[in-house]
Amino acid sequence: MMKRLAIVLFMGICAFLGGFVANVAPRWNSKANAQLSIPTVRLTASKELRAIEMGFQEVAKKASPTVVSIEAKKPAARGRNRAVEESGSGVLIEITGQRAVFAVTNNHVIQNASANQITVSLHDGRLLKPDRVWTDPESDLAVLRLPQTSGMTPAKFGDSDRVRI
């Protein structure tokens with residue numbers, strides 16, 4: 001049970017980080033220069049800082065195709081006339097033994113929306129509707145099974161025992 005909870009928690013963190021990387025990555029292409037307030041003195045980024053920057057760019061380049069945008073049109077709440085639209089990010093994953101590709105996102109993004117009211121936007125611009133939805137309100141996670149798998153890039157899970165910090 002704890003292992004399963006740890007995996008679900010890890011997937012949620014990946015979804016959050018994926019959304020963050022997708023939003024910040026386009027800004028990483030500019031050179032980082034620092035300036036002092038004295039106009040004649042200019043500092044440039046060190047080799048170490050540039051190496052770190054290149055590392056982040058490489059991670060963003062690999063992670064971006066795994067990140068998806070998710071939109072849900074929820075029915076109008078009691079006493080309201082208009083439906084609610086919610087959006088968020090998610091990450092594509094594969095599950096051992098399953099032929100489908102899944103998107104993991106936050107439950108609050110899709111809560112109270114049926115599968116046909118949810119749209120998943122892929123990195124390449126394709127729009128898909130999930131054919132099955134599982135939710136866990138307590139952990140605020142949701143898993144969406146996507147009907148089409150060709151051309152998708154699921155995230156690759158690493159071995160936490162081999163992580164170097």
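These legends describe close-up views of a predicted model.

**View 1. Overall fold of the protein chain.** The chain holds 3 helices and 9 strands. From the N terminus, the elements run α-β-β-α-β-β-β-α-β-β-β-β. Of its 165 residues, 27% count as buried. The accessible surface comes to about 12,100 Å², with 54% belonging to carbon and sulfur atoms.

**View 2. The largest nonpolar core.** This core has 17 residues. Ile 70, Leu 92 and Ile 110 have the most contacts inside it. Strands E3 (67-74), E5 (101-106), E6 (118-121) and E9 (141-146) each give two or more residues, as does helix H3 (107-110). A second, separate core of 6 residues includes Val 91, Ile 93, Phe 102 and Leu 141.

**View 3. Surroundings of Leu 92.** Beyond four places away in sequence, Leu 92 touches residues including Pro 65, Val 68, Val 101, Phe 102, Leu 122, Leu 146 and Met 152.

**View 4. Salt bridge between Glu 86 and Lys 74.** The side chains meet at 3.5 Å, N to O. Glu 86 lies in strand E4 (residues 84-94) and Lys 74 in strand E3, so the pair ties together parts 12 residues apart in sequence. Lys 74 is buried, at 10% relative accessible area. Glu 86 is partly exposed, at 26%.

**View 5. Salt bridge between Asp 131 and Arg 145.** The closest N and O atoms are 2.9 Å apart. Asp 131 sits in the loop between strand E7 (127-128) and strand E8 (132-136), and Arg 145 in strand E9, so the pair ties together parts 14 residues apart in sequence. Asp 131 is partly exposed, with a relative accessible area of 41%. Arg 145 is partly exposed too, with 24%.

Terms used
Residues are numbered from 1 along each chain as its sequence is written. This is a predicted model: local features need pLDDT of at least 70, side-chain atom pairs count only at pLDDT 80 or more; totals for chains, interfaces and linings use all residues. Side-chain values use heavy atoms; hydrogens and water are left out. A nonpolar core is a set of buried Ala, Val, Leu, Ile, Met, Phe, Trp, Tyr and Cys residues joined through side-chain atoms within 4.5 Å. Buried means under 20% relative accessible area, exposed over 50%, partly exposed in between (1.4 Å probe, protein chains only). Helices (H or I, at least four residues) and strands (E, at least two) are DSSP runs, numbered from the N terminus. Contact means heavy atoms within 4.5 Å. Accessible areas come from the Shrake-Rupley method with a 1.4 Å probe; for residues, only the protein chains shown count as cover. A salt bridge is a side-chain nitrogen of Lys or Arg within 4 Å of a carboxyl oxygen of Asp or Glu.
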